[in-house]
Amino acid sequence: MKIKNSVVAVENLDESAKFYTDILGLDEVRRFSPREDLTIAFFKGEGEATIELVEGEEGKKGLYMVGIEVENMDDEMAVLKSRGVKLTRGPFGAPGGPKIAFLEGPDGVEIELIQP
């Protein structure tokens, strides 16, 4: 497994974006709204991992999710289930998009598994 991204819930995406771009020097590489009350932006520096800022995720604040890329979701699910892990959502995915599944870590941080 390799770290894919870290997700941070923010109150004001535009203000936070300025910090990550102007102060930290990261590039905003993508922004979209999967629903009317939610906006997501991805920021990238060197390497492959991204920081994902999410505005409108009610009840969440700060770091709440870490994304991990897996080569084969089915194989990874078999290993995790053999270790007693229960998924909180998924696996699911859109045609042509990544396959994703979610589980909860011991401190309440959600772990997102991503098969490109």
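Which helix holds Phe 19? Phe 19 sits in helix 1, residues 13–23.

## Basis of the model

The model is predicted: local features need pLDDT of at least 70, side-chain atom pairs count only at pLDDT 80 or more, and totals for chains, interfaces and linings use all residues. Residues are numbered from 1 along each chain as its sequence is written, and side-chain values use heavy atoms, with hydrogens and water left out.

Helices (H or I, at least four residues) and strands (E, at least two) are DSSP runs, numbered from the N terminus.

## Nonpolar surface patch

Phe 19, Ile 23 and Leu 24 make a nonpolar surface patch of about 310 Å². Patches take residues with over 30% relative accessible area and no salt bridge; like charges are joined within 9 Å, and nonpolar side chains (Val, Leu, Ile, Met, Phe, Trp, Tyr) within 5 Å. Accessible areas come from the Shrake-Rupley method with a 1.4 Å probe; for residues, only the protein chains shown count as cover.

Phe 19 has a relative accessible area of 41% and is partly exposed. Buried means under 20% relative accessible area, exposed means over 50%, and partly exposed is in between (1.4 Å probe, protein chains only).

## Largest pocket

The largest pocket has a volume of about 830 Å³. Its lining comprises 28 residues. Closest to the centre are Phe 32, Ile 40, Glu 52, Ile 100 and Glu 112. Strand 2 gives the most, with five residues. By class, the lining has 16 nonpolar, four polar and eight charged residues.

The terms are as follows. On a 1 Å grid over the protein atoms alone, a pocket is an open set of points with protein on both sides within 12 Å along at least five of seven lines; lining residues have an atom within 4 Å of a point. Grid points are joined across faces, edges and corners, and the volume is the space filled by probe spheres set on the points. Ala, Val, Leu, Ile, Met, Phe, Trp, Tyr, Cys and Pro count as nonpolar, Asp, Glu, Lys and Arg as charged, and the others, Gly among them, as polar.

## Salt bridges

Side chains of opposite charge can pair when their charged atoms come close. The whole structure has eight salt bridges. The criterion is a side-chain nitrogen of Lys or Arg within 4 Å of a carboxyl oxygen of Asp or Glu.

Lys 2 pairs with Glu 48, with the closest N and O atoms 2.7 Å apart. Lys 2 is in strand 1 and Glu 48 is in the loop between strand 3 and strand 4, so this bridge ties together parts 46 residues apart in sequence. Lys 2 is partly exposed at 38%, while Glu 48 is exposed at 56%.

Arg 31 and Asp 14 also form a salt bridge, at 2.9 Å from N to O. Arg 31 belongs to strand 2 and Asp 14 to helix 1, so the pair links parts 17 residues apart in sequence. Arg 31 is partly exposed at 36%. Asp 14 is partly exposed at 48%. A network of salt bridges links Asp 14, Glu 28 and Arg 31.

Glu 110 meets Arg 89 at 2.6 Å, N to O, in a further salt bridge. Glu 110 is in strand 8 and Arg 89 in strand 6, so the pair ties together parts 21 residues apart in sequence. Is Glu 110 buried or exposed? Glu 110 is buried, at 11% relative accessibility. Arg 89 is partly exposed, at 37%.

## Cis peptide and C-alpha distances

Gly 90 and Pro 91 are joined by a cis peptide bond, with omega about 0°. Pro 91 is part of strand 6.

Leu 38, in strand 3, is buried at 7% relative accessible area. The C-alpha atoms of Lys 44 and Phe 102 are 23 Å apart, and the two are 58 residues apart along the chain. For Glu 48 and Gly 105, 57 residues apart along the chain, the C-alpha separation is 23 Å.

Conventions
1 Å grid on protein atoms, 1.4 Å probe; cavity = no way out; pocket = protein on both sides within 12 Å on 5 of 7 lines; lining within 4 Å.
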